[in-house]
Amino acid sequence: MNALLTDAVFDPIRIPLDDWFNDFINWLTFNYRPTFQAMKVPVEALLDGVSAVLLWLPPIAFIALVAIMAWRVAGWRIGALAAVSFTLIGMVGLWDLTMVTLSMVAASVVVCLIIGLPLGILAARSDRFQGGLRPVLDVMQTTPAFVYLVPVVMLFSIGTVAGVIATIIFALPPLIRLTDLGIRQVPEDVIEAAEAFGSSEREVLFKVRLPLALPTIMAGVNQTIMLALSMVVIAALIGAGGLGRPVVEGLNALRIGQAGIGGLAIVLLAIVLDRLTQAFGEGGAAKRG
Amino acid sequence: MIRVESLHKVFGPKPDEALRLLAEGRTKDEIREATGDVIGVQDVSFELKPGEFFVIMGLSGSGKSTLLRCINRLIAPTSGRVWLQTDDGEIDVAQAGPSELRRLRQEHLAMVFQRFGLLPHRTVRDNVAYGLEVQRVGHAERVRRADETLEMVGLGGWGDALPSALSGGMQQRVGLARALAAGGKVLLMDEPFSALDPLIKMQMQEEMIRLQRQLGRTIIFITHDLDEALRLGDRIAIMDDGRFVQVGVPETIVTEPRTPYVADFVAHADPTGVITAGTVAVPPEHPRVDELRREPGSRVLSHRTQAEVEIEVADDGRVLGMRADGAGAELVPIDTLLAEEAPTSRYRDRAAVVHADRTLRTLLAARNVCNLPVLVVDDEERLIGLVTEREIIHAIIEKRGHNGDTNGVTA
Ligand SMILES: Nc1ncnc2c1ncn2[C@@H]1O[C@H](COP(=O)(O)OP(=O)(O)OP(=O)(O)O)[C@@H](O)[C@H]1O
Ligand SMILES: [Mg+2]
């Protein structure tokens with residue numbers, strides 16, 4: 001067969017992109033591993049703090065607290081849902097793992113907020129910054145998580161913290177996008193009114209833009225939480241603890257029951273957190289009418 | 001208080017080019033063809049005294065809001081100056097630095113918006129207190145002043161509500177209260193009463209007049225309502241295509257429109273509220289008034305159409321007395337006359353004395369209770385002239401003052 005009609009046609013001009021990529025990560029690891037390791041420290045401290053509290057709290061107290069909080073912000077139905085879900089989780093013997101997962105999600109979301117809110121605000125202020133940020137966010141959001149597990153492991157080693165960092169990369173984009181969108185959607189006439197009375201830019205941001213963008217930002221937080229939960233199993237592949245473990249182990253050993261209850265706990269957690277954050281966002285929206 | 005000098009605002013990509021073409025005398029349409037620019041405001045200059053109530057009228061799109069926004073620089077003027085009198089002398093808003101601009105807006109330039117611009121996430125009270133909040137006024141004081149102002153605009157009990165719970169007219173009053181509470185010496189008001197029902201509108205107008213008189217606020221007020229303009233304005237500017245085509249006191253605008261555009265604008269004005277007694281009065285030197293005889297220290301005038309009326313006037317111009325049908329007639333200040341219970345038939349032995357600034361409306365009321373000509377006097381009680389039914393009717397038909405012309409038409 002004619003070589004021109006097969007993929008042999010590319011042979012003379014094969015681009016060794018895989019090698020380049022390899023070299024780049026190796027170079028990064030070789031030169032900057034200490035920097036990346038140092039970045040783990042605050043994340044680790046946050047994670048340890050949250051999980052220490054959650055694991056110390058007696059389950060009964062935790063369930064009561066969550067149920068009351070859910071009832072206050074989202075009504076008695078969600079309150080009951082939260083109580084039943086966590087009780088069920090405890091009864092199937094996954095309490096501690098759930099608390100670990102919850103602290104991982106919480107730590108990732110907190111870091112996402114710390115990074116994402118300022119970036120979102122900056123993106124809303126400057127079209128150029130937004131233009132530069134958009135492709136980065138696209139890459140973060142569309143790259144399959146498995147692809148960056150390897151570089152994450154090389155730079156951050158394995159373990160729960162590395163899992164949290166992978167989660168952050170995956171869960172951050174919607175928060176930035178929706179913060180940007182929410183701020184840009186604030187009606188111009190309201191901002192003008194605030195400016196006409198002599199507000200500084202800071203006052204316009206904190207007294208007008210952010211409060212009015214809050215429902216949209218909360219939608220971003222909600223998506224970030226959901227994405228973080230969807231990373232629980234994948235993070236377990238690089239040694240992260242929590243509910244991903246029984247799922248991965250169950251998968252490897254074909255213990256379908258073990259994987260099943262792990263999955264169930266993740267779903268319950270997702271439903272409760274979703275309803276809760278949605279209620280937060282709608283609370284803001286309802287106030288605005 | 002405020003002095004605006006040759007203000008221009010060009011929207012579009014090449015403002016400098018547009019200004020140059022404008023100076024060459026090109027029309028707006030030619031400029032839009034050439035540069036793609038829209039002229040929002042073109043060469044507007046005016047000066048306001050402290051406490052003056054200045055009304056701007058004009059068709060939709062004539063540039064009223066743009067002009068108002070240039071004054072507090074929500075829109076940056078393309079060229080021109082906006083001098084504002086402050087305790088530190090005159091400051092040009094158009095050139096002020098960022099922190100100075102903020103201070104000027106906080107202390108001098110409160111604004112009421114055409115589209116309200118309320119903060120939807122704050123209660124009505126917190127909206128009204130917003131100006132004070134950015135001025136760093138303490139919480140208790142803020143709440144006190146906000147509630148006070150809400151009371152003033154008739155929204156006493158609504159402080160805790162959110163704006164979305166209020167009707168359009170109520171929201172507009174919240175916007176008004178916000179500007180009033182901020183305490184600026186200059187109020188920029190963009191159609192502040194457009195969403196109010198007639199009754200509330202009237203109350204708000206009275207409140208504005210009171211505010212201006214008592215607190216000495218200088219007010220720039222945009223409206224589409226001619227009666228409102230005539231009622232409130234010390235002066236009125238008519239705007240067309242970004243320019244002031246005529247600026248003047250209400251009476252001049254109504255009685256001497258300078259262009260067909262202005263004439264169209266005031267065609268349906270009710271003249272009785274603007275034309276003053278002084279303009280319609282027939283003066284003593286008028287052909288229709290005879291000077292009968294001179295006596296030492298005074299003279300006697302007689303009105304030809306009402307031959308029996310004779311008025312004795314001192315040499316300094318003050319009215320000494322009046323005779324009607326040979327019998328003495330009592331001279332009564334018009335307000336006294338109007339305050340009395342109206343007689344069943346019109347008086348023939350009492351005549352009303354009225355100040356030259358009073359309007360035709362007052363003269364009509366006086367004609368309703370007494371038959372004799374009304375005597376129009378100035379500040380020092382000197383006779384300016386007489387008004388009979390004939391002058392009033394002429395003025396209403398022609399929308400003109402008498403100004404010495406026999407048939408009531410002046411140029
Ligand atoms: N941001 C802008 N960009 C371009 N053109 C503008 C802008 N703002 C206003 N204009 C134009 O300037 C002109 C004056 O508008 P302006 O809003 O001042 O009118 P107005 O007299 O207040 O009208 P209305 O009585 O309807 O409120 C209009 O032709 C409008 O199209
Ligand atoms: Mg307007």
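Analyst: Happy to! Between chain A and chain B, about 1,900 Å² of area is buried, and carbon and sulfur atoms give 60% of that. Buried area here is the accessible area (1.4 Å probe) that two parts lose on being put together, summed over both. A word on the basis: this is a predicted model, where local features need pLDDT of at least 70 and side-chain atom pairs count only at pLDDT 80 or more, while totals for chains, interfaces and linings use all residues. Residues are numbered from 1 along each chain as its sequence is written, chains are lettered from A in the order in which they are written, and side-chain values use heavy atoms, leaving out hydrogens and water.

The contact (heavy atoms within 4.5 Å) draws 19 residues from chain A and 27 residues from chain B. Three salt bridges link chain A and chain B, each a side-chain nitrogen of Lys or Arg within 4 Å of a carboxyl oxygen of Asp or Glu. One of them joins E192(A) to R69(B), with the closest N and O atoms 2.4 Å apart.

On the side of chain A that touches chain B, α8 (188-196), α9 (201-230) and α12 (256-288) each supply at least two residues; helices are DSSP runs (H or I, at least four residues), numbered from the N terminus. Of the elements on this side, α8(A) gives the most, with seven residues. By class, this side of chain A has eight nonpolar, four polar and seven charged residues, where Asp, Glu, Lys and Arg count as charged, Ala, Val, Leu, Ile, Met, Phe, Trp, Tyr, Cys and Pro as nonpolar, and the others, Gly among them, as polar.
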